[in-house]
Amino acid sequence: MTETQDQGQEEGAPREGEPGDTPSSTQEAAGATDAAAEGPGAPPEPSAEAGAPAEEPAIGDLVIDEGSALETLIGADVLRERLNGVLAFIQNHMLTLGVAIEAALLIAALAPAAAFGPQLRKFIQSSIAPRAPYGLLRRAAAAFAHLATAIALYVFLQAAIVALNAFGNSTSLVSAAVSLLAAWIVIRMVTLVIRSPFWSRLAFYIVWPVAAMDAFGVLDDVVRQLEAFAVPIGETEDGASQTFSALDFIRTLAIFGILFWGARLLNGVIKSRLNATDELTVSFKALTGKILDVLLPVIALVLALQIVGFPFGALAIFGGAVGLGVGLGMQRTVSNFFAGFTLIADKSIKPGDIIEIEDTYGWVTEMNARYVAIRTRDGTSHLVPNDKFIQEGVTNWSHADRVVRLHAPFGVSYGAKDVRRIARRAEEVALTIDRVLKTPAPRCNLMAFGDSSINYDLRFWINDPANGSANVRSDVLMAIWDMLAEDGVEIPFPQRDLHLRSVSAEARDAIRGLAGEAPGDAAQE
């Protein structure tokens with residue numbers, strides 16, 4: 001209903017159910033409405049009979065009410081205000097002369113970058129990359145050459161920012177482009193130089209979000225929120241509270257990651273220098289490498305905490321908890337750790353030694369903080385805990401000398417008459433094997449007169465146990481076999497004579513039949 005209708009009903013229309021109400025037609029109600037619209041003097045006629053239900057609202061009124069409720073529900077006014085604000089921001093900040101100048105500089109910077117980038121790539125490839133040593137520096141030079149055009153564009157955009165600041169123009173658009181371009185260059189450098197899927201993914205998930213937040217101007221707000229989220233870790237001597245924020249934690253991880261990567265590079269350089277020094281023993285090299293593996297990461301962590309200003313006095317409680325954990329749940333780990341130092345310090349085993357522990361035979365390839373890697377003749381690597389060598393012992397075939405003695409036992413029949421000649425011949429054929437040493441010379445000893453054979457033991461020496469012992473023993477035994485066959489010497493096999501003291505007649509007849517005798521012969525006996 002309209003406002004005029006409401007007013008006329010409140011002022012002059014009689015209520016339903018009062019005496020004197022008369023029915024009216026639709027035309028009369030419409031005339032009363034027109035009269036009320038023309039002036040407030042004449043009251044309209046009642047349009048409902050006494051006792052009849054109230055008149056329902058008109059269709060137009062329902063549409064208006066529903067439209068108002070829908071607008072309230074979806075917040076049309078709020079959306080309209082925000083849309084107007086976005087349009088006003090675009091008009092005031094984007095569609096301006098300063099933004100147009102920035103966009104023009106962005107497009108114009110592509111031309112000199114495309115022209116200067118290939119020249120920079122040629123210079124790096126011809127003058128810098130050949131002089132860089134192989135490894136990390138050579139890969140870094142190749143990465144710079146690969147990204148020469150992008151680096152040139154970054155330089156020209158930085159020059160554009162300097163020029164815009166000099167003329168007092170806005171630099172928001174160019175700064176956002178520089179942030180995103182720098183993030184892309186960093187990610188590509190990490191991928192090309194380090195060549196590690198882990199570091200590539202880490203750079204992608206860290207550098208890109210930071211660059212995006214910086215480009216859209218929300219990085220400062222995020223930093224403030226991270227600084228606000230802090231936990232108390234103690235008090236200073238003056239009584240001031242000390243806190244460790246989420247930003248400090250992220251900074252610690254980032255700094256520790258960089259320092260840890262640098263520590264690994266330094267560790268590799270020191271180890272390569274030590275391995276290239278022939279005057280140092282293998283044990284000293286392994287011990288030094290193990291100390292560096294532990295010491296350099298600890299130094300990197302301490303430096304990272306020192307850089308972010310972490311109070312080391314708060315580590316007292318943490319150190320006590322770590323000590324308790326070591327005493328209860330890390331006994332085996334700590335035992336392996338110190339057992340590794342003990343094995344290297346007392347030189348019981350060292351990299352390159354030929355060892356045998358339980359059923360594992362091979363040579364030591366690595367000695368790490370927790371285990372010793374043994375490579376077998378099968379090509380497999382057995383990782384044996386360090387403390388197992390101390391608790392159960394180990395056979396070291398090359399502890400003091402790589403020259404080891406092997407045995408090749410064999411036997412001949414009692415029909416052989418010249419036992420000394422057989423021993424000499426065995427020593428001679430042993431020298432025909434390439435791996436058998438002439439000094440010390442092979443020695444064949446007569447060990448015993450066995451039940452079925454005369455037993456010999458041929459002993460010979462080798463100086464390359466890493467190449468295996470069973471294979472050279474097999475070669476020597478096959479040479480002995482050929483020698484005995486050539487000399488007509490028989491290698492016996494066990495024989496037994498069976499004497500039957502008591503047997504039934506039926507069994508005796510069966511045995512006689514197998515022997516070719518007549519069964520009646522048994523009766524004659």
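Analyst: **Starting at T288**

T288 is buried, because its relative accessible area is 19% and buried means under 20% (exposed is over 50%, partly exposed lies in between; 1.4 Å probe, protein chains only). This is a predicted model, where local features need pLDDT of at least 70 and side-chain atom pairs count only at pLDDT 80 or more, while totals for chains, interfaces and linings use all residues. Residues are numbered from 1 along each chain as its sequence is written, and side-chain values use heavy atoms, with hydrogens and water left out.

T288 sits in helix α12, residues 282-307 (a helix is a DSSP run of H or I, at least four residues, numbered from the N terminus). Its C-alpha atom is 8.2 Å from that of K271, a residue 17 places away along the chain.

Now for the helix pair. Helix α7 (residues 148-166) packs against helix α8 (residues 172-193) at about 155°, with the axes 10 Å apart; axes are lines fitted to C-alpha atoms over the stretch in contact, and angles run from 0 to 180 degrees between N-to-C directions. So α7 and α8 are roughly antiparallel, the word for angles over 145 degrees. Among the residues making the contact are Y154 and L157 of α7 and W184 and I185 of α8 (contact means heavy atoms within 4.5 Å).

Last stop: D387, in helix α15, residues 386-392. D387 is buried too, with a relative accessible area of 3%. Leaving aside residues up to four places away in sequence, D387 touches R332, S335, N336 and A339.

Notes
Helices (H or I, at least four residues) and strands (E, at least two) are DSSP runs, numbered from the N terminus. Angles under 35 degrees count as roughly parallel, over 145 as roughly antiparallel, 65 to 115 as roughly perpendicular and the rest as oblique.
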